[in-house]
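The exercises below concern the structure shown next. Each has a task and a worked solution.

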Amino acid sequence: MSLKRDDESDQSLYANLDKSTVLQEARVFNETPINARKCRATLTKILYLIYQSERLQTKEATETFFSITKLFQSQDIPLRQAVYLLIKELSTVAEDVIMVTASLSKDLTAKSEISKANAIRALCKITDASMIQGIERFLKQAIVDKNHAISSAALVSSLHLFGNSKDVVRRWANEVQESVNSKGGITQYHALGLLYQIRQHDRMAVIKLVQSLSRGTLRSPLAYCMLVRYTAKIMDEEEGNRAMYESLEGWLRHRNEMVVYEAARAICNMRDVTPKELFPAVSALQLMLVFAAIRTLNKLALSNPASVAPCNLDMENLITDTNRSIATYAITTLLKTGNEASVDRLMKQITGFMSEISDDFKIIVVDAIRSLCLKFPAKQGVMINFLSNILRDEGGYEFKRSIVEAIFDIIYHIPEAKEYALSHLCEFIEDCEFTKLAVRILHLLGVEGPKSATPSKFIRYIYNRIILENATVKAAAVSAMGHFAVEVPELRERIRVLLTRALDDNDDEVRDRETFSWPTLENGLVNYLAHPELQRAPFDIAAIPTVTRCVAAPGSADAQRAYAAAMEKIPELAMLGDIFKSSKPVELTESETEYVVSFNCRNTINDVVLENVSVAMTVEATTTSSQPTCHWREPWRPSTRIRCPRNIYVVYKRNSNVTPVATFGNTLKFVVKDCDPATGEADEEGYEDEYLLEDLELTTADYIQPTFVSDFGRTWEQVGQQHEMVEAFELSAITSVKDAVTKIIDILGMEACDGSYSVKDKATTHTLLLAGMFVGGIGALVRCRMAYDASSGVTLEIACRCEDPEVCERIVNSIV
Amino acid sequence: MGLWSSFLTSLGIIKRKVNILLVGLDNAGKSTIINGLKVSAVPQTEVVPTVGFNVETFSTQHRLTFTVFDMSGQGKYRDLWEYYYPDVEAIVFVIDASDKIRACVARDELETMLQNKVLRDRKIPILFFANKMDVEGGMSPSECSGALGLEEIKDRNWTICATNGITGQGVGVGLDWLAEELKY
């Protein structure tokens, strides 16, 4: 063909093609008789333009399309094939492409086999859902055609058509089934794919399909790979179904390496896979040890390091592999599976080629090191050194982020490493190009820094940020400084000086944060001065136990802290002592023997001033005869500010050792005064009004503080059976175990231990372990065993162990 | 067409190629007529409505090779006929003589066609086939010509033949006329 020239002339032929000139050239299609050679060259040019993502307008495309329809009169096969190609390209742009349906169908019945496959593809491209019936006959015929090229073209086209006209394609299932058994490898592969699509939603049919094919009628390794994937999918959907494991294992001995790998990977990805099941897969992978195999082993090493360990010896050899990607995976896998002794050696090796691999692989290495660190805390020194070294290297954001996150993890989980890691982070932010990371690190410094032995050394790094960085980082730095100021009294004066200096920063955000950290600071100071007895110990706001569970209000933890701080300020409340627990949905707080009910009020109506707002609470129902009595009420200070939220506190006194469950009815009473929208001044006269609030419930959960028990089993045994109380319930209203777990935690207000909070989606049984502390410091442990059955709902057996039998009873009965 | 081939054509050694557009309402029998002309084709008992168009090539004894663009007559495809007006040398218009009711539709289509800008400039001959002569109670060719107002076509050559697409009767007569028209 004329196109097969050397590169240079190729350049001259197709370089600098102009769309309009080429479309002009398309007039050659209208000539009689047709010059096939010339037309083909022009078609190629148009195709070239389209492939270079030149966009044809609808009008241009339609005109070109109609002129190429005239080429159907030529019997020249190469020209016809070029026409098909262009029709496929134009089918999305031009109008009335359906025009060529008859001509294409005619080609399908023609004797020439060569262009049939191309014709099928073009035909399916131009057909829309409404016309598909018209070509159904041809496609069905083509699917069972003896020529593999034709049948697989028909199958792939059907696969594309399936998206729009599922029903029509479903009718071809018999033909497709027939071609699965055809001799052509590629046809089998395509037919299997289509057959699966057709039966996708009928699980039994898919299982039947897979089972019948796994007996070995297939020839194509590609088809086998598909089969392996479908099998894996079925097994994944049906948890615990191991019926198909045997066929997977059988495929591990397949002739073709690709099938072996696919099967091994499927086994490795099985849920809850046992080492015994893994063994054959791992040994199959061990024999291969190509890139894909080692990647799978690497992934497996995360969950089942022991099963991968037998391959360690082979992987050692791969560390020096010239393919750096393989070497990376090999090393990280070894890190995950290896023992403590080999870590040093491996780390040295990684350091050697760290500069040679791409960011993606560096991230893999960092992840491996992160998990290694948590596994062998003793090695943290080496690891942190390594991490901080690569932190200084060149690298993209994702890479840096993964390092920083790894260091964060180390800081949280390995206390010994904290100081060292923090100082490395400090050095990193000195020269950090990523604002996001700098902000995160500064926040961490603010939280962790004050707790370290020498908080003062961080101040310099943070203040440097205030001077040198962009607004976002500055603001973060100011916040971090604020943390230091609040928590480390010795530094307070010095930080105040530094912050005052930053007050005249020319950036708004920074100034806002500045002024924000001032009140916090002052608050702390005032408190510090107001409580002389506290001055002996350094003031620590964290000493007030705050529960950082989600509070309905935005910025939960901050809000919680704000409550604590606000209550501290009210002398009457401060006298009550520390807060025992803040209940979550309604801000209801109780303290040793009193309840403090705090109402967050916000005036949401403009132009109205509310005065003398108070809340009247009445006890509507209670379990004990001794009614809680209203003890103290905080008056509302007259407010002239619109939309300024204020708190109202109501304190209830509870007789000691009685923990009543009660419902409070609440009414908001206030005086409304209209005010002038222009001046904002309120009228003299007002009228009294009431507003009925939602009822407030005081439940058992409010008396329980969630506590964390690290080894539930042992603690459970320690308390012993003599203090146990067991009760069984049927929760018919709850439809899944997952729901039940959430509800129970909600009702009891206790902390889930040993990760028993997480429930699998379709689990039918589950054991939930809870720990908490009842008012008065009485520890309580609860074990809930649940079973789900579609007919009866969730059956719950709740066992509570607690030294106080009364508390035990209360907890168990609160489920009702 | 090169000089050499035009020389050969004039000597009658190779045949001249002529493009013809075959139009008419749906179910007029266009595809059937073409099938009858194909030498090799096995007689088809069933003809499905054409979607879009079909191209057929056949030669006659008139030293001509006809390339026929058999257009679909269905309403939504009639707009597409005009794309082929510039490149054809003759038009064959098939009328369903048994369908009196839609004769007026055929007339409308014919008028639209004749008013097309391209065809007004190109005085190419039009051959009318009054098809389905085998159906009883159909219109005669002269009745067809009246129903479609053929007498009003004064600016170009035309003729009308009575045909039976299934047997091919009368088609040859029409093509003879066309070959004579296209001789030069």
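**Exercise 1.** Determine how helix α3 (residues 36-51) and helix α5 (residues 77-90) of chain A are arranged in this predicted model, and describe their contact.

Solution. Start with the axes: those of α3(A) and α5(A) come within 10 Å and cross at roughly 25°. Angles under 35 degrees count as roughly parallel, so α3(A) and α5(A) are roughly parallel to each other. Next, the hand: the crossing of α3(A) past α5(A) is left-handed. Then list the residues in contact. From α3(A) come Ala36(A), Cys39(A), Arg40(A), Leu43(A), Thr44(A), Ile46(A), Leu47(A) and Ile50(A). They meet Pro78(A), Leu79(A), Ala82(A), Val83(A), Leu85(A), Leu86(A) and Glu89(A) of α5(A). Sorted by class, the residues of this contact between α3(A) and α5(A) are 12 nonpolar, one polar and two charged.

**Exercise 2.** Carry out the analysis for helix α11 (residues 173-180) and helix α12 (residues 185-199) of chain A.

Solution. The axes of α11(A) and α12(A) come within 8 Å, and the crossing angle is roughly 145°. The hand of the α11(A)/α12(A) crossing is left-handed. On the α11(A) side the contact is made by Ala173(A), Val176(A), Gln177(A), Ser179(A) and Val180(A). On the α12(A) side it is made by Thr187(A), Gln188(A), Ala191(A), Leu192(A), Leu194(A), Leu195(A) and Ile198(A). The class count for the contact of α11(A) with α12(A) is eight nonpolar, four polar and no charged residues.

**Exercise 3.** Describe the fold of chain B in outline, then explain why helix α2 (residues 30-37) of chain B is largely enclosed.

Solution. Count the elements of chain B: there are six helices and six strands. Their order from the N terminus is α-β-α-β-β-β-α-α-β-α-β-α. Of the 184 residues in chain B, 40% are buried. Now turn to α2(B). Its buried residues are Lys30(B), Ser31(B), Ile33(B), Ile34(B), Asn35(B) and Gly36(B). Because six of the eight residues of α2(B) are buried, this helix is largely enclosed by the rest of the structure. The packing partners of these buried residues are β1, β2, β3 (64-71), β4 (90-96), β5 (126-131) and α6 (171-181) of chain B.

**Exercise 4.** How many residues of each chain are in contact across the interface, and which element of chain B gives the most?

Solution. The contact joins 15 residues of chain B to 17 residues of chain A. On the chain B side, β1 (16-24) and β2 (53-59) each supply at least two residues. The most comes from β2(B), with four residues. By class, the side of chain B that touches chain A has six nonpolar, seven polar and two charged residues. For the complex, the predictor gives an ipTM of 0.82 and a pTM of 0.56.

**Exercise 5.** Summarise chain A as a whole and state where its coordinates call for caution.

Solution. Chain A has 37 helices and 15 strands, and 36% of its 816 residues are buried. Take the contacts in chain A between residues at least 6 apart in sequence: 65% of them join residues at least 24 apart. In chain B the corresponding share is 72%.

Then check confidence. Chain A has a mean pLDDT of 73, with 73% of its residues at 70 or more. In residues 571-579 of chain A the pLDDT is below 50, although the stretch has 19 contacts in the model beyond near neighbours in sequence. Residues 601-611 of chain A also have a pLDDT below 50, with 30 such contacts. Where pLDDT is low, predicted coordinates should not be read in detail. Chain B averages a pLDDT of 84, and 88% of its residues score at least 70.

How values were computed
Residues numbered from 1 in each chain as written. Chains lettered and ligands numbered in written order. Predicted model: local features only at pLDDT ≥ 70, side-chain atom pairs only at ≥ 80, totals over all residues. Buried ≥ 20, exposed ≤ 12 C-beta atoms within 10 Å, placed from the backbone. Contact = placed C-beta atoms within 7 Å. pLDDT = per-residue confidence, 0-100. Axes fitted to C-alpha atoms, helices over the stretch in contact; angles between N-to-C directions. Parallel < 35°, antiparallel > 145°, perpendicular 65-115°, else oblique. Left-handed = near helix turned anticlockwise from the far one by under 90°. Nonpolar A, V, L, I, M, F, W, Y, C, P; charged D, E, K, R; others polar.
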